[in-house]
Amino acid sequence: MSKFSLLVIASSTAAFLGSGGYTLLPRELYDPACNIKGNISIGSGAKIYHVKGQEDYDATIIRSEYGERWFCSEADARAAGWRRAGR
């Protein structure tokens, strides 16, 4: 293996570990604890999140192309400007 290849591997590894070791993919994509659904209302544009057990949780589908997303905690959702669904 060339010195350049080793340098690339070493620097990539250092950057990966230095950033927490998981930033290549958003946490929402690999952590099953990130199960809060951030939905955007088509009619009003309101940003509403749903947690397991709520009435519309199972029916809610996350479409990232519309800005919808998963959250890992209710605090994360609120900090991003979303509100909890009423039912």
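Here is a short walk through some side-chain contacts in this predicted model.

Let's begin with H50, which is found in strand 2, residues 47–50. Its relative accessibility is 7%, so H50 counts as buried. Leaving aside residues up to four places away in sequence, H50 touches N35, I36, K37, N39, D56, Y57, T60 and A85. Two of these neighbours, K37 and Y57, have an arrangement of their own: the charged end of K37 sits over the ring of Y57, 4.3 Å from its centre.

Next come the aromatic rings. The structure holds 1 aromatic pair, formed by F71 and W82 in an edge-to-face arrangement, with 5.3 Å centre to centre and 70° between the planes. F71 lies in strand 3 and W82 in the loop between helix 3 and strand 4, so the pair ties together parts that are 11 residues apart in sequence. F71 is buried, at 1% relative accessible area, and W82 is buried as well, at 6%.

Finally, the charges: the whole structure contains 4 salt bridges. One of them joins R78 to E74, with the closest N and O atoms 3.9 Å apart; both residues lie in helix 3, about one turn of the helix from each other. E74 also forms a salt bridge with R84, where the closest N and O atoms are 2.9 Å apart. That pair links distant parts of the chain, E74 in helix 3 and R84 in strand 4.

R87 is exposed, at 55% relative accessible area, whereas D56 is partly exposed, at 26%.

Terms used: Residues are numbered from 1 along each chain as its sequence is written. This is a predicted model: local features need pLDDT of at least 70, side-chain atom pairs count only at pLDDT 80 or more; totals for chains, interfaces and linings use all residues. Side-chain values use heavy atoms; hydrogens and water are left out. Helices (H or I, at least four residues) and strands (E, at least two) are DSSP runs, numbered from the N terminus. Buried means under 20% relative accessible area, exposed over 50%, partly exposed in between (1.4 Å probe, protein chains only). Contact means heavy atoms within 4.5 Å. Rings of Phe, Tyr and Trp (its six-membered ring) pair if their centres lie within 6.5 Å; planes under 30 degrees apart count as stacked, over 60 as edge-to-face and the rest as tilted. A charge sits over a ring if NZ of Lys or CZ of Arg is within 6 Å of the ring centre and within 35 degrees of the ring normal. A salt bridge is a side-chain nitrogen of Lys or Arg within 4 Å of a carboxyl oxygen of Asp or Glu.
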